[in-house]
Amino acid sequence: MVRAGRGGVGSGFEPANFSSGQGREPGRRRGRVMRRAETMVHQVLYRALVSTKWLAESVRAGKLGPGLRVLDASWYSPGTREARKEYLERHVPGASFFDIEECRNTALPYEMMLPSEAHFADYVGRLGISNQTHVVVYDGDNLGCFYAPRVWWMFRVFGHRTVSVLNGGFRNWLKEGHPVTSEPSRPEPAVFKATLDRSLLKTYEQVLENLESKRFQLVDSRSQGRYLGTEPEPDAVGLDPGHIRGSVNMPFMDFLTADGFEKSPEELRAMFEAKKVNLAQPLIAMCRKGVTACHIALAAYLCGKPDVAVYDGSWSEWFRRAPPETRVSQWKREKA
């Protein structure tokens, strides 16, 4: 069964889980407050997931255009698969290729850092995306989803709320027999205005300060071995594994089903609770380079928490800049 995004494939916004308040705070004023709060959340929580069925129907109905754009955000480690080549061979009809290597800040020595507002605006504008466009992102990873949540978060951090991830990814698009094409899209360029939302982004200095203030919970999405320092960072030179003191480990793969779909909000909430991560409190997500951290942001969003911030430099930056006593790892001890 294909899971649709919360709110169904036809609705625009994620439903919030509000109780009625009956028997606790009677009166019309309470009711008005609750309705205003629910309306406000509905305005904030645009659906984070769309189903393959919904997208297939949109493609078939000819809805792709200035109001709906699809992006293939695939990226693979060098020497494995070639994302752009695979896009040119087959992709969702009407989809454009989002090259994350071209849409990042290459002036910094760390991996996959956010581009500037102007860079992002120019790049997505050339893909035919305006501030009025609903953007759907997918990738071709065998897990069902890998880089798509990073691009979903990038749009959100630059002020664009109408963005969704294709639940199940290209893997399930193919499995279900939906159409593909080798014809590259040529969208009419659009004007996109990017406004950085700093509340969704954390810097090295802010995370360092947080070690003392403990205002934010810090969750690391890498595998347990890389987090503990018992297995190496893949394809990394001069980067030992390990984690930031006080962080919690929630491997991003655990948010996905074996079939490549996002787990249900109920399952996701239980996962956060099992790790004693309080979704009512501030939360920073991190990984090695700020990519799979966005799976934590997406999972929390599906649970009704849209304000998870991502530490963009993540372990790649922290390992190279932070005081040694802030890093925890079994690597040197085991490998000595």
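Two strands count as paired if DSSP finds at least two bridges between them. Strands (E, at least two residues) and helices (H or I, at least four) are DSSP runs, numbered from the N terminus. By the pairing rule, Val135 stands opposite Val163 in E5.

This is a predicted model: local features need pLDDT of at least 70, side-chain atom pairs count only at pLDDT 80 or more, and totals for chains, interfaces and linings use all residues. Residues are numbered from 1 along each chain as its sequence is written, and side-chain values use heavy atoms, without hydrogens and water.

**Sheet**
- Five strands form an open sheet in the order E1-E5-E4-E2-E3, with parallel pairing.
- Strand E1 (49-50) and strand E3 (96-97) are the edges, each pairing on one side only.
- Strand E4 (residues 134-138) pairs with strand E5 (residues 163-166) in the parallel sense, over 3 bridges.

**Helices H5 and H10**
- Helix H5 (residues 148-157) packs against helix H10 (residues 293-302) at about 70°, with axes 8 Å apart.
- Axes are lines fitted to C-alpha atoms over the stretch in contact, and angles run from 0 to 180 degrees between N-to-C directions.
- H5 is therefore roughly perpendicular to H10 (65 to 115 degrees).
- Pro149, Arg150, Trp152, Trp153 and Arg156 in H5 meet Cys294, His295, Ala297, Leu298 and Tyr301 in H10 (heavy atoms within 4.5 Å).

**Helix H11**
- In helix H11 (residues 314-321), 6 of the 8 residues are buried, so the rest of the structure largely encloses it.
- Buried means under 20% relative accessible area (1.4 Å probe, protein chains only).
- The buried residues of H11 are Ser314, Trp315, Ser316, Glu317, Trp318 and Phe319.
- Their cover includes helix H7 (204-213), strand E8 (243-244) and strand E10 (283-286).

Definitions and conventions
Angles under 35 degrees count as roughly parallel, over 145 as roughly antiparallel, 65 to 115 as roughly perpendicular and the rest as oblique. Buried means under 20% relative accessible area, exposed over 50%, partly exposed in between (1.4 Å probe, protein chains only).
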